[in-house]
Amino acid sequence: QVQLVESGGGLVQPGGSLSLSCAASGVISTINAMGWSRQAPGKQREWVATISTSGTTNYADSVKGRFTISRANANMAALQMNSLKPDDTAVYYCYALGRGKWWGQGTQVTVSS
């Protein structure tokens, strides 16, 4: 089993930046890729970004050029979010892929003036 804990959410004005972190514990040797998804009020959860163990990254079109996913080591991932828009307001969830798919509890990001 893998446990994931996110941190770093909060309130930011449009155009601002936030950085999210995700710490994994448990059987982290089974993790291949890590990533982020988000869910806005009244909407389905949508994929945001993924990073593989080799460092290959992929982004949703809606965040490409503004968000950067990184992975410090086998059990830490981060999401740097720049030029934030009100449409980025959502609960952001970290996930890990390996023998299964594990999710964190989520962290709220609110973009508002």
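Are Arg66 and Asp88 buried or exposed? Arg66 is buried, and Asp88 is too, where buried stands for under 20% relative accessible area, exposed for over 50%, and partly exposed for anything in between (1.4 Å probe, protein chains only). The model is predicted, with local features needing pLDDT of at least 70 and side-chain atom pairs counting only at pLDDT 80 or more, while totals for chains, interfaces and linings use all residues. Residues are numbered from 1 along each chain as its sequence is written, and side-chain values use heavy atoms, with hydrogens and water left out.

Now to the charged pairs. A salt bridge here is a side-chain nitrogen of Lys or Arg within 4 Å of a carboxyl oxygen of Asp or Glu, and by that rule there are four. One of them ties Arg66 to Asp88, with the closest N and O atoms 2.8 Å apart. This pair links distant parts of the chain: Arg66 sits in the loop between strand 6 (57-59) and strand 7, Asp88 in the loop between strand 8 and strand 9, 22 residues apart. Within it, Glu46 pairs with Arg38 at 2.6 Å between the closest N and O atoms. Glu46 counts as partly exposed because its relative accessibility is 34%, whereas Arg38, at 5%, counts as buried. Lys64 and Asp61 make another salt bridge, their closest N and O atoms lying 3.2 Å apart; Asp61 has 68% relative accessibility and so counts as exposed.

As for the strands, they are DSSP runs of E, at least two residues long, numbered from the N terminus, and two of them pair if DSSP finds at least two bridges between them. Four make up an open antiparallel sheet in the order 1-3-8-7. Strand 1 (2-7) and strand 7 (67-73) are its edges, each pairing on one side only. Inside the sheet, strand 3 (residues 18-26) and strand 8 (residues 76-81) run antiparallel and are joined by six bridges. Leu18 stands opposite Met81 of strand 8.

Met81 turns up again in the largest nonpolar core, which has 30 residues; Leu4, Met34, Trp36, Leu79 and Tyr92 join Met81 as those with the most contacts inside it. Such a core is a set of buried Ala, Val, Leu, Ile, Met, Phe, Trp, Tyr and Cys residues joined through side-chain atoms within 4.5 Å. Leaving aside neighbours within four places in sequence, Leu79 is in contact (heavy atoms within 4.5 Å) with residues including Leu18, Trp36, Phe67 and Tyr92.
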